Amino acid sequence: MTQAVQNLVDGLGQGSIFALLALGLTLIFGVMHLLNFAHGELITVSSYVAYALASRGAGWETLALAIVATSVLTAVAIEFLAFRWVRGANEFTMLLTSFGVHFVVAALFLMYVSPRPLNIPKPGWIFQTVRIAGVALEVVDLATIAATALTLAATSWLLRKTLFGIALRAAAEDFDAARIMGVRSNRVIRGAFALSGVLAGVAGIFWLMRTGTAAPSAGLTPLLFGVIAAIVGGLGSLGGAVLGGLALGLTQVFLRAWLPPDLSGLTEGLIFVLIALLFILRPQGFVTVHRAERV
Amino acid sequence: MLAVDGLSSRHGSITAIRDVSLRVEAGEVVGLIGPNGAGKSTLLNTLVGLLRPPAGRVVLEGRDVTGWPPDRMLRLGVALVPERRRLFADLTVMENLLVAGITATPTERKRRLEEVAELFPVLERRRTVPAGYLSGGEAQQLAIARALMSGPRLLLMDEPTLGLAPSLVGLVFDLVARLREEGHTLLVVEQNARRLLEVSDRAYLMRTGGIVAEGTGRELLDRHDLFEVYLGVEG
């Protein structure tokens, strides 16, 4: 029982990171029909900024702010420099462009910074646990879950109560109809990227806190799980993305706990088997999404 | 108010239009009739900037606006009630109206929300319902209400009675007449040619991408030959 609660919290902690990334990916997919494989670069670039600041003695409070700011700026810059030029192109072209951005960013850090992973000191409390009702829980999991809950609440408020958020949802449902209503393409797409940057920034804080590594492909693993979570969630449903992320984190942790030790290396493989099963039973993912055709 | 000269346009598989010229004067209701696939929707989509025309000119109040994007056209006062309405189904009625008023100042937006509530009492009662749950008649009223939220000077309507029960068709035409009395300028596309011509000051008949006849609503109504040849109905 105790073990199950620990696993639950651990899984939700992991899953929160995937959920935030999946939500950002889904926002961008909604307004552009782009599955953004360059989304991990937000964490990659942030990891180097965090490394640079940490090596000058900055604490994690400063790093956290810097990671979110870097992530937002990187998201907006990538949109402006790369995706604006292929907007309206077919989805395959945009997908390849996002791969291109990933490889360019990774190559730049490889050539001009260091091919080796650099160490970002983890915060002192990362390995601490707190006892709640007799169950020892990791502080970092609780912090991740709390920060994610706050971020999701703020995002939900933004999407429902502000004119920008409503326009973003409208554009995600039918981009051309939103344009006819006067929604500016550039503004709503830039906004979606900035918001996805905030979400990836919060995810990045806790990812980098756990890994403590700046590397040319630091964002690759979280990106892949984010993409899987977004697809599992139904690709296009914001709630589905969050659900997909949490489900993925929980599955990962519980599989690892239940598999015999000598089989735990199969966790990732089994996750893909489960995803394949999900898509056989429910090809549309957790949440069914209706999309308008474009003119 | 609007002058279109030698306009051509096409996009993908939808009907192309060639060398279309027409005029809409301020305060007029202009009808655009023609069989399916005549290019009527292509023309309207090009006028609001969803499609960029490879040839021809669109002049709005003396300004060349050819190829301007939809959000700029809307800011110049050209609004479209699109074909099949294209409501944001997951957004509530209120949210649909708010997005449509995005170009207005907060004070204007508030005033227009009140105007729209008065014009469409049924929407006021359904304001918190997602647009996807509205009945056909309610949905069409929302589509028109949405276009009015920007305070348009030229309102384009693409098949406003499509899919409506016969009893509701009259409601839409009454509304067209009412908007005209209030001084709005309208360019309306309709399959329901006879009803449209009855409320139109002038009208154009389109067929296979071009305009083949024009005249006052009355004149076209009396051209029984056109009805038989182009619309396939008994005059």
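Predicted model: local features only at pLDDT ≥ 70, side-chain atom pairs only at ≥ 80, totals over all residues.
Helices (H or I, at least four residues) and strands (E, at least two) are DSSP runs numbered from the N terminus, and two strands pair if DSSP finds at least two bridges between them. Residues are numbered from 1 along each chain as its sequence is written, while chains are lettered from A and ligands numbered from 1 in the order in which they are written. Local features need pLDDT of at least 70 and side-chain atom pairs count only at pLDDT 80 or more, whereas totals for chains, interfaces and linings use all residues.

E9(B) and E10(B) belong to an open, mixed sheet of six strands in the order E6-E7-E8-E3-E9-E10, whose edge strands, E6 (78-81) and E10 (210-216) of chain B, each pair on one side only.

Seven of the eight residues of helix H3 (residues 93-100) of chain B are buried (20 or more other C-beta atoms within 10 Å of their own, C-beta atoms being placed from the backbone), so the helix is largely enclosed by the rest of the structure. These buried residues pack against H6 and H7 of chain A together with helices H4 (106-119), H5 (121-125) and H6 (136-148) of chain B.

The contact between the chains (C-beta atoms, placed from the backbone, within 7 Å) takes 19 residues from chain A and 25 residues from chain B. On the side of chain A, H6(A) gives the most, with six residues.

How values were computed:
Contact = placed C-beta atoms within 7 Å. Buried ≥ 20, exposed ≤ 12 C-beta atoms within 10 Å, placed from the backbone.
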